[in-house]
Amino acid sequence: QSEGRVDMSDVEVKMSNVSSDIYTDKGSKIPASNSLKVNDLNLDPNADKGLFELEFDLPTYGSTVVRVYNKSGRIIYDYDLGNFSGEFEDNIDLAQNGTGSYYLVIEQGSKSLTKKIELTD
């Protein structure tokens, strides 16, 4: 087990709405937004793989991008889905970045959804 890597079996995930724009350590802005309708949004630790499983369902169709930022504003996950609608599922490696705050942004066209993710052990 490398330095800083988290044992996934004990990690608790809390996801919450973001009420105001987030300014990162580097001064970039992650906009707070709740304009995109996202169904069945879920992020669960997958201890077997040491990853987190992100799942959601988008009822609308359009150009879609999923990003996860760490607390300093660096993009640690960036997935361009192209024109997309329906169920999404992928594994994200957050363990390498340790516990703390992350921000999930799902953008589709001009709408987006921003969620704060808290990992605690």
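Residues are numbered from 1 along each chain as its sequence is written. In this predicted model local features need pLDDT of at least 70, side-chain atom pairs count only at pLDDT 80 or more, totals for chains, interfaces and linings use all residues, and side-chain values use heavy atoms, with hydrogens and water left out.

User: How many helices and strands are there in the chain?
Analyst: Both elements are DSSP runs, numbered from the N terminus: helices are H or I with at least four residues, strands are E with at least two. From the N terminus on, the order is β-β-β-β-β-β-β-β. The count is zero helices and eight strands.

User: What radius of gyration does the chain have?
Analyst: The radius is taken over C-alpha atoms, and the globule rule is 2.2 Å times the number of residues to the power 0.38. For 121 residues, a compact globule would have a value near 14 Å. The chain agrees with that, at 14 Å.

User: Which share of contacts between residues at least 6 apart in sequence joins residues at least 24 apart?
Analyst: Contact means heavy atoms within 4.5 Å. Among contacts between residues at least 6 apart, the share joining residues at least 24 apart is 59%.

User: Is Tyr 77 buried or exposed?
Analyst: Buried means under 20% relative accessible area, exposed over 50%, partly exposed in between (1.4 Å probe, protein chains only). Tyr 77 has 10% relative accessibility, so it counts as buried.

User: Which kind of aromatic pair do Tyr 77 and Tyr 79 form?
Analyst: Rings of Phe, Tyr and Trp (its six-membered ring) pair if their centres lie within 6.5 Å; planes under 30 degrees apart count as stacked, over 60 as edge-to-face and the rest as tilted. A search of the whole structure finds four such pairs. Here the centres lie 6.3 Å apart, with 55 degrees between the planes. The pair is tilted.

User: What about Phe 84 and Phe 88: which kind of pair do they form?
Analyst: Phe 84 is buried at 15% relative accessible area, and Phe 88 is buried at 5%. Their centres lie 6.4 Å apart, with 90 degrees between the planes. The pair is edge-to-face.
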